[in-house]
Amino acid sequence: MTSHKTGTREEWLTARLELLAAEKELTRRGDELSRQRRELPWVRVDKEYSFETDEGKASLADLFRGRSQLLIYHFMFGPDFTAGCPSCSAIADGFNGSAVHLANHDVTLWAVSRAPLDKLQTYKRRMGWSFPWASAYGSDFNFDFGVAHTKEEWEAGAVRYNFGEEDLRAPAGQESSLDAFSTSLVGTNWETFRREGPGMSAFARQDGVVFHTYSTYGRGLDILWGGYQWLDRTPLGRNESGLWWRRHDEYDNQ
């Protein structure tokens, strides 16, 4: 017998209608948040950034590919990583299907990482992805948009992320275990791994001028992972105990 509350179909329907009212309110609140997001002031981007792409060198304006809107997923793949972050990889598994629809709605979607382009291309082939992915290797782009952190920030215990500061250094006595953990994920020690962070940023281009319009980090990225949206509607929810997901080619049962 299940330990969960059970009931009749009529009791289920009554409870479901109460939940539906709450879901509709959340939807309306989400619509209002989206409106507020669009009302944020735009910040002109005057700094020149250079990226390496499959087509060669590109500026931030070039990444728009002639469209007026640009979405960038800041994918955790540092120069010394041997593979992309598994969490970012799970999110990016949904990009192929979205990119074509966005492109036909005046929006270009890119992933950007600090790893050299050849590493990104190799991993992209492994994962079977086709969305555009640019390297910001040697650029300040990831630092300026809050997803790469300096040695000085790390050593001060004041890594700037998600509009605040965090101390991401390993607690005393946990250095070796966290180093082993990050090595198992991306082939680097803990510091090298966590001096990169995930995020997404949005940009607009008008009359040849690029503007930064929005960025989000941390739990703000949950909505981009389609798997979470499915799990949130299952009987057990996310049912998480540690890092349960893997890269899609690493599961025992494909």
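Entry one, salt bridges. I checked Arg16 and found it partly exposed, at 27% relative accessibility (buried is under 20% relative accessible area, exposed over 50%, partly exposed in between; 1.4 Å probe, protein chains only). Its partner in a salt bridge is Glu23, at 3.0 Å, N to O; a salt bridge requires a side-chain nitrogen of Lys or Arg within 4 Å of a carboxyl oxygen of Asp or Glu. Glu23 is likewise partly exposed, at 33%. By this rule I count 21 salt bridges.

Entry two, conventions. The model is predicted, so local features need pLDDT of at least 70 and side-chain atom pairs count only at pLDDT 80 or more, while totals for chains, interfaces and linings use all residues. Residues are numbered from 1 along each chain as its sequence is written, and side-chain values use heavy atoms, with hydrogens and water left out.

I found Asp222 in a salt bridge with Arg219, closest N and O atoms 2.6 Å apart, and in another with Arg238 at 2.9 Å, N to O. Both Asp222 and Arg238 are buried, whereas Arg219 is exposed at 64%.

Entry four, a network. I noted that salt bridges link Arg126, Arg247, Asp249 and Glu250.
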